[in-house]
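My notes are below the picture.

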Amino acid sequence: MKKLQIILVVIIIFPFSCSKSFLEEGSRTVTIQDLINNPQNGAQRILGAVYNKFYDWNIHSFAWIGISSITSDEADKGSVPGDGGSDKIELDAWNISPSNISFNDVWEGNFEGIGRATYAIFFIEQMQLDAAEKMRYIGEAKFLRAYFYWNLVRCFGGVPKIDKVLENQADIEGASQRATEAEI
């Protein structure tokens, strides 16, 4: 009886499992133009890429804990010296080298967030959205960009100010100048 059931299942499933469409897969690529042309969900997805930055290692994990909590004596490095946390040992002892990886991670992570937010503003401005909805998405992106800048100013003081998409060498050179804390 069990053998008959297995044979019936194979006979029923076999013709459907070998169709050509079973092996064909749709495109998984979504371009920015696809998102711009789809305002209903495109703006949310573009803004979602900015929020997604908060999941990255270099925003609020060990590097941030190191430069914010370990340097303030709110926390200690802990564990053993040879566990790969030599940059945290520097922070704990206030013997910080210019190549400290924690500061580099925080710098890069927050500037990546600023870049994403700036691109989001640039692309959402091009979308055909209701004016109030467009203002909301752009306001959200500007708030997130300000948050990333706030983190940087707390750690480094004045930093380069990037408030537009850098399109050429002159833009890059102009944005490479350190702005004051007040300008940020």
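**Ground rules.** I'm working with a predicted model, where local features need pLDDT of at least 70, side-chain atom pairs count only at pLDDT 80 or more, and totals for chains, interfaces and linings use all residues. Residues are numbered from 1 along each chain as its sequence is written, and side-chain values use heavy atoms, with hydrogens and water left out.

**Cores.** I looked up nonpolar cores, meaning buried Ala, Val, Leu, Ile, Met, Phe, Trp, Tyr and Cys residues joined through side-chain atoms within 4.5 Å. Buried is under 20% relative accessible area, exposed over 50%, partly exposed in between (1.4 Å probe, protein chains only). The largest core has 26 residues, and Ile46, Phe111 and Met127 are among those that touch the most other members. A second, separate core has six residues, including Ile67 and Leu91.

**Met127.** I listed its contacts (heavy atoms within 4.5 Å). Leaving aside neighbours within four places in sequence, Met127 touches Leu35, Ile36, Asn38, Pro39, Gly42, Ala43, Ile46 and Lys134.

**Ala75.** Which loop holds Ala75? Ala75 sits between helix H6 (62-70) and helix H7 (86-93); helices are DSSP runs (H or I, at least four residues), numbered from the N terminus. Its relative accessibility is 24%, so I put Ala75 down as partly exposed. Beyond four places in sequence, Ala75 is in contact with Ser69, Ile70 and Asp92. From Ala75 to Ile65 is 8.3 Å, C-alpha to C-alpha, with the two 10 residues apart in sequence.

Conventions. Helix = DSSP H or I, 4+ residues; strand = E, 2+ residues; numbered from the N terminus.
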